[in-house]
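Me: I would like to learn how to read a protein model. Could you take me through one, feature by feature?

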Amino acid sequence: LSLIILIRLLKYNIKPIIKSQKILFIIIIVVFLFTLLYSPSVIYFKNNYDWEEKTWKLSNTPINIISFYSEMYNSFESYYTEKKLLENAKDIVVDWNILSTSSQYKNYVLVIGESARKDYFSTYGFPLQTTPFLDKTNGYINQGYISAAPGTYHSLLGSLYFKEKEKKIDYAYNIITLAKAAKIETIWLSNQGAIGKYDTIASRIGASADKQYFIKKAGYNTSGETDDLELLPLFQNELKKENPTDKTRLFVLHLMGSHQKFCSRLNEEEKKIIFINENLSCYASSILKTDAIIEKIIAQLQQQNEPYSLIYFSDHGLSHINKDDQEKVTLDYSGKFKQNYAVPFFKLSSDDSDRTVVNTQRSAMNFIYGFAQWLGIKSQRLGQSYDFFSEKNDNAIKVYNFEQMLPFNSLESDPIPYYLTK
């Protein structure tokens, strides 16, 4: 509108209003600059979490012609930066100040799930049998585990990296460099992306492992659909390799799990659960598939005839949308509800003699302490006072909702819409 007015004034070029033209021109410039800079600035200052350095991005402006080229530049710059970091990750040496290592098991397996909220697991109360293996297996099951954030990037940033109080995250301090500092052999097996906007927070850790396999060579959403089952032959092959140094080994399997486009995670034979509509049936069936994958991993570990321990957790949950329409109701990302953060966590070990179910409120931001405790690592940097597997609740758990840190208990609830099944 301002541009049209300015053109009209210039067309008539009436001398008495030349002063008005200048004023209008100044106003237009001010409005343009305000529009250009306002959104990037608001987003920058609104994101007040302190996990990493904040970045002011011109690509957040609503002026499309500028945001388009800014995002293109940022993408190229980010790609080459992350590529270099991935290439150099394996050579990073970190001083964890290891005091002692007393690993109880020969093989440790960490399975990182994707988008699985706990209340769709029959072990956590879902009425249909989505976790038949876990339902009957001895081990440690926590009903109170709370993810750090409602999306993969910030969730794994908060749980797999170490952050000292009042300091930014140092990416060199993570679960893999901790295990390597304790002389544990590390193998990373991933069905998530190797490089991409939301992938490298995990793949950067994976790239620092002694061995790493990424089924997807690019981003999780640009590499086509690949099956989590493809990880199992890779895992078995590494598990069966000779271990002449008799090292303790850590395997990390990063699944696509129950990521959106739920039905694409399954073949037709795997679509076994019927619940409300096709999308939610596939989501529940994807939980069943994850349970089956864990059962196969345990079977492979048992065949190895060596002491083992496996931990599984999901990076985050999802929440329902279109809850009034039985055909359209499905699950999506959000930071508004408790179920976006309430995820399964369990530990299954070769010497488990009973089934321990606890409801201990535990923040995923403290996972790295539990990880060290699980592997039997004592580090001066981590301290020794915190017991991740105790029944003492973490106090005042906060989560990052994509914008700010909020008390978990302040969030609304998003129950499963069972009323649609009646």
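**Reading the model**

Reply: Start with one residue. Gln 361 sits in the loop between strand E12 (355-358) and strand E13 (362-363). Helices (H or I, at least four residues) and strands (E, at least two) are DSSP runs, numbered from the N terminus. This is a predicted model: local features need pLDDT of at least 70, side-chain atom pairs count only at pLDDT 80 or more, and totals for chains, interfaces and linings use all residues. Residues are numbered from 1 along each chain as its sequence is written, and side-chain values use heavy atoms, with hydrogens and water left out.

Me: Is Gln 361 buried, exposed or partly exposed?

Reply: Buried means under 20% relative accessible area, exposed over 50%, partly exposed in between (1.4 Å probe, protein chains only). Gln 361 counts as partly exposed because its relative accessibility is 23%.

Me: Which residues does Gln 361 touch?

Reply: Contact means heavy atoms within 4.5 Å. Leave out residues up to four places away in sequence, and Gln 361 touches Gly 144, Ile 146, Asn 393, Asp 394 and Ile 397. Look also at Asn 395. Gln 361 and Asn 395 are 34 residues apart in sequence, yet their C-alpha atoms are 8.0 Å apart in space.

Me: How do contacts read over the protein chain?

Reply: Take contacts between residues at least 6 apart in sequence. In the protein chain, 75% of them join residues at least 24 apart. The chain has 10 helices and 16 strands. Of its 422 residues, 50% are buried.

Me: How many residues of helix H10 are buried?

Reply: First, the general idea. An α-helix has 3.6 residues a turn, so residues three or four places apart point the same way. Now the case. Helix H10 (residues 367-375) is mostly covered, with 7 of its 9 residues buried. These are Phe 367, Ile 368, Gly 370, Phe 371, Ala 372, Trp 374 and Leu 375. Just after H10 comes Gly 376, with a positive phi of about 75°.

Me: Which residues other than glycine have a positive phi?

Reply: Lys 261 is not a glycine, but has a positive phi of about 65°. Find Lys 261 in the loop between strand E7 (249-254) and helix H9 (278-304). Lys 261 is exposed because its relative accessible area is 63%. Asn 305 has a positive phi near 60°. Asn 305 lies in the loop between H9 and strand E8 (308-314). With a relative accessible area of 71%, Asn 305 is exposed too.

Me: Where does Ser 190 lie?

Reply: Ser 190 lies in strand E5 (residues 185-190). Ser 190 counts as buried because its relative accessibility is 1%. A polar atom of the Ser 190 side chain lies 2.9 Å from the backbone nitrogen of Gln 192.

Me: What lines the largest cavity?

Reply: Rolling a probe the size of a water molecule over the atoms shows where empty space is left. A cavity is a set of points, on a 1 Å grid over the protein atoms alone, where a 1.4 Å probe fits but cannot get out; lining residues have an atom within 4 Å of a point. A volume is the space filled by probe spheres set on the points, which are joined across faces, edges and corners. The count comes to 1 cavity of 30 Å³ or more. The largest cavity holds about 30 Å³ of space. Its lining is Thr 226, Asp 227, Asp 228, Met 256, Gly 257, Arg 265 and Lys 289.

How values were computed:
A polar contact is a pair of N or O atoms within 3.5 Å; within protein, one must be able to donate a hydrogen and the other to accept it, and residues adjacent in sequence count only if both atoms are side-chain atoms. On a 1 Å grid over the protein atoms alone, a cavity is a set of points where a 1.4 Å probe fits but cannot get out, and a pocket is an open set with protein on both sides within 12 Å along at least five of seven lines; lining residues have an atom within 4 Å of a point.
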